[in-house]
Amino acid sequence: MSRISTHVLDTARGKPAAGVPVRLQRQISSGSWSTVSSALTEEEGRCSELAPEGTSLAAGAYRLTFDTANYFAACGVDGLYPVVEILFRVRNGEKHFHIPLLLSPNGYTTYRGS
């Protein structure tokens with residue numbers, strides 16, 4: 001079984017970013033993107049499983065898209081980046097990806113977590 005998870009932290013507020021819409025997509029052979037799943041971050045800012053249950057990740061390019069505009073609007077903040085997209089590659093045999101997003105109104109960073 002494969003696993004893709006994320007955790008969004010609002011570094012400006014020092015809190016988890018709850019209620020952020022997140023979409024997981026996979027690039028198909030034509031170069032276009034196919035939606036695999038979508039979710040909202042929970043109270044602790046997490047989406048603990050974005051890969052469909054019981055699936056194995058196929059090698060290829062994947063993209064996590066975070067709708068930060070709606071999140072910042074709900075916080076009463078005018079953020080610079082309305083959408084954050086993180087592209088990453090899955091290689092044959094890889095099974096677990098945790099992709100955190102550290103977010104503020106004027107910047108963001110990400111890394112491969114454990």
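The model is a predicted one, in which local features need pLDDT of at least 70, side-chain atom pairs count only at pLDDT 80 or more, and totals for chains, interfaces and linings use all residues. Residues are numbered from 1 along each chain as its sequence is written, and side-chain values use heavy atoms, with hydrogens and water left out.

I turn to the sheet. Strands β6 and β7 pair in the antiparallel sense over seven bridges; two strands pair if DSSP finds at least two bridges between them. Strands, like helices, are DSSP runs numbered from the N terminus, with at least two residues (E) for a strand and at least four (H or I) for a helix. In general, strands of a sheet pair through backbone hydrogen bonds, either parallel or antiparallel. Here an open sheet of four strands has the order β4-β3-β6-β7, with antiparallel pairing. Its edge strands are β4 (33–40) and β7, each of which pairs on one side only. From one strand to the next, the twist averages 20°, where axes are lines fitted to C-alpha atoms, for helices over the stretch in contact, and angles run from 0 to 180 degrees between N-to-C directions.

Next, the aromatic side chains. The structure holds four aromatic pairs. Rings of Phe, Tyr and Trp (its six-membered ring) pair if their centres lie within 6.5 Å; planes under 30 degrees apart count as stacked, over 60 as edge-to-face and the rest as tilted. One of the pairs, tyrosine 62 with phenylalanine 88, is stacked, at 5.9 Å centre to centre and 20° between the planes. Tyrosine 62 belongs to strand β6 and phenylalanine 88 to strand β7, so this pair ties together parts that are 26 residues apart in sequence. Both of these residues, tyrosine 62 and phenylalanine 88, are buried, a class that means under 20% relative accessible area, with exposed over 50% and partly exposed in between (1.4 Å probe, protein chains only). Tyr62 and Phe88 form one aromatic cluster with Phe97.

What of the charged residues? Side chains of opposite charge can pair when their charged atoms come close. A salt bridge here is a side-chain nitrogen of Lys or Arg within 4 Å of a carboxyl oxygen of Asp or Glu, and by this rule the count comes to three. In one of them arginine 63 joins glutamate 85, with the closest N and O atoms 3.9 Å apart. This pair links distant parts of the chain, 22 residues apart: arginine 63 is in strand β6 (residues 60–66) and glutamate 85 in strand β7. Arginine 63 is buried at 14% relative accessible area, whereas glutamate 85 is partly exposed at 40%.

Which residues do salt bridges with shared partners join into one network? They are Arg91, Glu94 and Arg112. The closest N and O atoms are 3.9 Å apart between arginine 91 and glutamate 94, and 3.4 Å apart between arginine 112 and glutamate 94. Arginine 112 lies in the segment after β10 (107–110), and glutamate 94 in the loop between β7 and β8 (96–98), 18 residues apart. Glutamate 94 counts as buried at 18% relative accessibility, while arginine 91 is partly exposed at 43% and arginine 112 is partly exposed at 48%.

Finally, the position of tyrosine 81: this residue lies in the loop between α1 (68–75) and β7 (84–90). Tyrosine 81 is partly exposed, with a relative accessible area of 32%.
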